[in-house]
Amino acid sequence: MNKIFIIIKREYLTRVKKRSFIILTLLIPFLFIGFAALMGSIASSKSEKKNIAVVDDSHMFEGKLKNNENVSYTIIRGNVDSLKHNINNDDYNALLYIPAFDPNQKDINFNLYYNEQVGIITEKTIGDNLNSILTDERMSKAGISNEQLEFLQSESIHISSIKDGKESSNASSIAIGTGCGFLLYMFMLFYGMSVMRSVMEEKTNRIAEIIVSSVRPFQLMMGKIIGVALVGLTQVLIWIILFGVFALIGLPMLTGGMHTAMDPQAMQQASENTNMHALESLLHGPNWIAIALWFLFYFLGGYFLYAALFASVGSLVNEDPQESSQYTLPITLPIILGFVIMSKAISDPNSPLAIFGSLFPLTSPIVMMARIPFGDVPAWQLITSAVLLVLGFILTTWMAGKIYRTGILMYGKKITLKEVGKWLVRK
Amino acid sequence: MILSIKNLKKYYATQKAVDDISFDIERGCIFGLLGPNGAGKSTLLRMITGIFYPDSGEILFNGQKFDSEKHIEEMGYMPEERGLYKKMKIGEQAVYLAQLRGLSKAEATSRSKDWFRRLDMVSWWDKKVEDLSKGMSQKLQFVTTVIHNPMLLILDEPFSGLDPVNANILKDEIFRLAQEGTTVIFSTHRMEQVEEICDKIVLVNQGQKILDGSVKQIKQDFKENIFTITLDKSDVVLPSSIQLLKQEGNRIVFHLNPEQNSNDVLKHFIQMGNTVLAFEEMLPSLNDIFIRLVQDTSAARAFQEVK
C-alpha cells in the first residue's frame, strides 16, 4: 500500500509541476467561453442581404413589399424575358417575376430567376413576405381590419413548466446539463489518453520492467490511474475556486459598474429585475450540491472505467504510434456515442434512448450527468446507473490489470486480439 | 542455497522459452547464466524476479517457496533493456526507485548520495536522464539496482555499452558486493567476462540447461589434451607419442593421448639436450566450449513449435 502511494505521488507531482498543466488549467475556462461565444456568433450570424428585382405585372405587391434583414426589393419595369438574361450585371442577385394572377387561386407559383444560388433562407423570406401580403389582401376583402387581424394572430398563451410547486427553468437545466456532460466527455477522453501515453512511455522506455521487479504491475497501473485522477480533481478544484472568485468579486463589480454608468433610478430597477432574476434562478433553481456530488461520482466512475481501458491499450502498443490509434478506436467510440446520446437527452431527458444511455456504464457518466440538472431522474435509475458504473469500472480494471500485466513486458511482435483474450482467461 | 530452481517451465505460444531447467546457487557466489541470444535467459530471470509466473516448477528463495511480495525487496534486478524516466532528474529518480524497493525517503536519499559519491556521479544529481550518455545512465541503473542492499543481485548484460574504464569500476563494485556476501547472478553471452568474474556457470540453449558447474571443472571436462611447449631451439626431433598440431619456430602445439604421461614428453626433450622454456596444457576457453555446444542448434529456434 505504501508503494502505491509513492507511485501516486510521483505521477501526480510530475504532472502538476509541469508548466503546461498550469497554463492549460488557466486557459481552458477562457477557451471554453471563447468557444461558446464563437459557436453562438456562428449560429446567429446573418447571411448576406440579397437584392431582389421584382417585376410585378399583377400590381398587387407594389409599395407593400418591405425591405427586411434578408432581402431588399426593387420594383422594376420591363420585359422579363430580356431582364432575366441580365441578372448580376445590374445591381440585383435575382429577379422575381409576378405575373397577373387570380388571388383566389389555391396554388400559385412565381418564378425566381438567378445566376448564383440565393439560398434557402432568401427563398423562404420572399415566400413569407408575399404570402403575408396576400393574406392581408384576402382578409381585407373578407372585411377584417388590420387591428382585428393582429388580435386574431397574437400568441396569447405561454407555457411555464412547474415541478414540485417550483418554477423550473429549462434553459438553465439545459445549460448546466450540457456543460457537465461536455466536461465529463473532455475529462474522460483527455485524461484517459494521458494515462495511455504514460503507459506507452514506460513500456517503450523499458522502465516498466524495472518497476515491476519491485512492485506488482497492478500497483503500478492503479498508482498511475489514481495519480492522474487527482490531477483532474486538482484542475476542477482550481476552476471552482476561479469561478468562486469571479462570482464573489467579478460579478458585483460588473453589475456595480453597470449601475453607476446608467441612470441610477430608472435603470437599477430594470437591471435588478433582469440580471438578478436570471442569476437568482440560476443559483436557486437547480440543486447545486446534488449536481456537484453526482458530478464528482460520475467523474471518478467514468474516469476509472475508461482510464483502465486506456491503460491496457497503452500496454499493448509497440513503439509504433499508429498502432495506438487502431486500438483506441473501440474505446473512444462509446465515449463519442455517449456524447451523441447526451445531445439527444438534453432535448428529451426521459426518452428511452436517454434512459438507456444513462444506465449503460460506458455512456452513463456523460448522459446521466446531462439529465440530473433537470431534477426529475427517478431514484431507481440513479441507483441502477451508479451500481452499474461501479460494477463496470471494477470489471474494466480487473480486465485491464490482466492485459496490462502481460502487455507491458511484450516487445517486438504485434499482439493480436486472440492473444489478449487468452490473457484474460488465464489465471 | 540462496536460490534453488526446480524443473522450471515456461512455454509461450510459439516456443518453449524455458523447458525444464533446474539449478542451485550458493550464497555469496558469482553465478554466470550463459546462453546465446534467445536461449531463454531473460524469461528465466523474469520468473526468478517474480515478473512472470512459471507454467510449472518451483523456485526456492533462501529455502522458502519464492513469494514475490515477501522476497522482492531482497532482490535487485537490472534487466538487459535499461529503462529510466527520461524527463526525471537523476537524483530524484534514484530516490524514487529506491523508495519503490522499500526504503524510506530519508534512507533512500542518503544511500543514493553515498553511491553517487562512490561512483563519481555527484555532479549529475540535478541533471535529467535525457542529458546522460549511455554509459552514464548505465551507472545510474546499476546504482538503482543495488541501492537497497539486496541479498541476490541479478544483472542482465551489465557491461554492454560501457567503456573499459567504467566496466572496470562496475566489475570492482560487483566483486566488492560479492565479498560482502551478496549473491550475484550474471547473465551474458560474453564469455571472456564470465571466465574473469564467475565462480559457477549454467549454460542454457533452446530453453534447456546444457551445462552446469564451476568454471574450472568445466574447463577440465572439456579439455582436449592439447599442450604447448616452448624450447630454446626450433630444430628438434619430436617424440613418437605426440601428434603435432602446429609448430611456430620454437613453440610446438601438440595433442597427447590421455593415457600417456606428459612427463615422458618432457623427458624426451630434455634427453635430446633441449632447454624447456615453457610447458603448459591448453585448456579450452569458455568461448570455445560455448561455440562447440551451441553451434549446431542456432537459427531454427525462432520457429520451433510447441508440441
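## Sheet of chain A

Strand β1 (residues 50-56) and strand β3 (residues 94-98) of chain A run parallel and are joined by 5 bridges. Within this pairing, Val54(A) has Leu96(A) of β3(A) opposite it. The model is a predicted one, and every feature described here is to be read as such.

The two strands belong to an open sheet of 4 strands in chain A, ordered β2-β1-β3-β4, with mixed pairing. At its edges stand β2 (71-75) and β4 (111-114) of chain A, each of which pairs on one side only. From one strand to the next, the twist averages 30°.

Helix α4 (residues 120-142) of chain A lies across β1, β2, β3 and β4 of that chain. Relative to β2(A), helix α4(A) runs at about 60°.

## Sheet of chain B

Chain B has an open sheet of 4 strands in the order β2-β1-β4-β5, and its pairing is antiparallel. Because β2 (16-25) and β5 (64-65) of chain B each have a single partner strand, they stand at the edges, and one side of each is left without a neighbour in the sheet.

The partner of β5(B) is strand β4 (residues 56-61) of chain B; the two pair in the antiparallel sense over 2 bridges. In one bridge, Leu60(B) is partnered by Lys65(B), which lies in β5(B).

## Arg46 of chain B

Arg46(B) is part of helix α1 (residues 41-48) of chain B. Is this residue buried or exposed? Arg46(B) counts as buried because it has 24 C-beta neighbours inside 10 Å, and the cut-off for a buried residue is 20 or more.

Leaving out residues up to four places away in sequence, Arg46(B) touches Ile51(B) and Phe52(B). Thr109(B) is 63 residues from Arg46(B) in sequence, and the C-alpha to C-alpha separation of the pair is 28 Å.

## Contact between the chains

Between the two chains, 16 residues of chain A are in contact with 17 residues of chain B. On the chain A side, the elements that give two or more residues are α1 (2-16) and α7 (207-212) of chain A. Helix α7(A) supplies the largest share, 6 residues.

Sorted by class, the side of chain A that touches chain B has 8 nonpolar, 5 charged and 3 polar residues.

## Annotated span of chain B

An unreviewed UniProt entry carries the annotation "domain: ABC transporter" for residues 3-231 of chain B. In the model, this span is 35% helix and 29% strand. The C-alpha atoms at the ends of residues 3-231 of chain B lie 49 Å apart.

## Confidence

For the model as scored by the predictor, ipTM is 0.75 and pTM is 0.74. The average pLDDT of chain B is 85, and 96% of the residues in that chain score at least 70.

Where in chain B is confidence lowest, and where is it highest? The lowest is in helix α2 (residues 68-71) of chain B, with a mean of 78, and the highest is in helix α4 (residues 105-118) of chain B, at 92. Over residues 299-307 of chain B, the pLDDT is below 50. Beyond near neighbours in sequence, that stretch has 7 contacts in the model.

How values were computed: Residues numbered from 1 in each chain as written. Chains lettered and ligands numbered in written order. Predicted model: local features only at pLDDT ≥ 70, side-chain atom pairs only at ≥ 80, totals over all residues. Nonpolar A, V, L, I, M, F, W, Y, C, P; charged D, E, K, R; others polar. Buried ≥ 20, exposed ≤ 12 C-beta atoms within 10 Å, placed from the backbone. Pairing = 2+ DSSP bridges. Axes fitted to C-alpha atoms, helices over the stretch in contact; angles between N-to-C directions. UniProt positions renumbered as here; feature names shortened; annotations may be inferred. pLDDT = per-residue confidence, 0-100.
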